[in-house]
Amino acid sequence: MIENSLKDLEKKGSEKNQPLLVVDNIEASYGPFRALFGVSFTLNYGSSIALLGPNGAGKSTVARAISGLIRPGNGHIYFRGDEITGKDTWRIERLGVAHVPEGRGVFASLTVQENLKVFLSHAVPKKLMHEKIDEVYSFFPRLKERSLQRAETLSGGEQRMLALSRALVAPPLLLIADELSLGLAPILSQEVWSSMGEIRKKGTSIIVIEQNIDQAKAFADNVVELSRGKIVESPSI
Ligand SMILES: Nc1ncnc2c1ncn2[C@@H]1O[C@H](COP(=O)(O)OP(=O)(O)OP(=O)(O)O)[C@@H](O)[C@H]1O
Ligand SMILES: [Mg+2]
């Protein structure tokens, strides 16, 4: 089960405008290749950041470092004041961080329904499972029509809806959405953005990585721009 639910946070109600996530001077490499050179930024509870920059700038690497998919070589990451640098992905997820990675973010060989069961098993009690899956289907009727279809046979847009559905029904404290609208037809892209808006309304903080700069800037409270693994101090975009 998720240890820090949004409900607990609402009960406390004292954390608004406090840092939820602090990324402090992180460096990261893939073998001999250095991808990040001291990246720092802070995200407050309930707010959102657009993480922008050209291809290869290091955006997905930052996302992977936060969610524990890679271990930074140097620097620190704090979530709710506790250091999470280099912790296992599942531990970070349990603290309330949901990362929808570039590409699919779903289990290709499982059906839509099976994917939902896996996603939700960490987040909701068993007896609420059916109710929560119905909630996803009422938000994305397209997924209901395809509930018995294997995820690998869904269209790109449908796969992203499926990947986002967990955050919709069990809102995490932090959602990291890596290029969710990339390559989608405008109408599907709108559906993805509107579901992110729904997730935000529930109080989730969001890091949105995007190629569509205008859309990302319209959505987010702040912009962090990366170039060649470094933060651009005065964002040009
Ligand atoms: N698994 C890997 N092995 C080696 N190098 C990698 C690996 N993943 C990323 N890189 C390199 O690290 C750099 C940063 O990659 P990253 O994926 O973080 O960029 P990005 O900003 O997300 O780019 P894009 O907009 O194209 O998704 C790139 O030069 C990339 O080639
Ligand atoms: Mg990327």
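A: Val112 is found in helix 4 (residues 112-121); helices (H or I, at least four residues) and strands (E, at least two) are DSSP runs, numbered from the N terminus. The model is predicted, so local features need pLDDT of at least 70 and side-chain atom pairs count only at pLDDT 80 or more, while totals for chains, interfaces and linings use all residues. Residues are numbered from 1 along each chain as its sequence is written, chains are lettered from A and ligands numbered from 1 in the order in which they are written.

Val112 counts as buried because it has 29 C-beta neighbours inside 10 Å (buried: 20 or more other C-beta atoms within 10 Å; exposed: 12 or fewer; partly exposed: in between; C-beta atoms are placed from the backbone). Leaving out residues up to four places away in sequence, Val112 touches Leu143, Arg146, Ser147, Gln149, Ala151 and Leu162, where contact means C-beta atoms, placed from the backbone, within 7 Å. Glu145 is 33 residues from Val112 along the chain, and their C-alpha atoms are separated by 9.7 Å.

A contrast is Asp134, which lies in helix 5. Asp134 has 12 C-beta neighbours inside 10 Å and therefore counts as exposed. Its C-alpha atom is separated by 42 Å from that of Glu27, 107 residues away along the chain.

Next, the core. The largest nonpolar core has 63 residues, and Leu51, Ile66, Ala177 and Ile207 touch the most other members; such a core is a set of buried Ala, Val, Leu, Ile, Met, Phe, Trp, Tyr and Cys residues joined through C-beta atoms within 7 Å. Helix 7 (residues 156-169) gives the most to this core, seven residues. Ile207 is in contact with Leu43, Ile49, Leu51, Ala63 and Ile176, apart from its neighbours within four places in sequence.

Leu51 also has a place in the sheet pairing: its bridge partner in strand 9 is Val224. Strand 3 and strand 9 (residues 222-227) run parallel and are joined by four bridges; two strands pair if DSSP finds at least two bridges between them. Both belong to an open sheet of six strands in the order 6-7-8-3-9-10, with mixed pairing. Its edge strands, strand 6 and strand 10 (230-231), each pair on one side only.

Helix 8 (residues 186-201) has 16 residues, so at 1.5 Å a residue it should span 22 Å, and its end C-alpha atoms are 22 Å apart, which agrees; the expected span is 1.5 Å times one less than the number of residues. Gly203, which follows helix 8, has a positive phi near 110 degrees.

There is also an open sheet of four strands in the order 2-1-4-5, with antiparallel pairing. Strand 2 and strand 5 (82-83) stand at its edges with a single partner strand each, so one side of each has no neighbour in the sheet. Strand 1 (residues 19-30) and strand 2 pair over nine bridges, and Val22 has Thr42 of strand 2 as its bridge partner.

Strand 2 (33-44) and helix 2 (59-67) are the elements that give two or more residues to the shell around ligand 1, and helix 2 gives the most, three. Among the surrounding residues are Tyr30, Phe33, Asn55, Lys59, Thr61 and Glu102, a residue being near a molecule if its C-beta atom, placed from the backbone, lies within 6 Å of it.

Definitions and conventions: Two residues are in contact if their C-beta atoms, placed from the backbone, lie within 7 Å.
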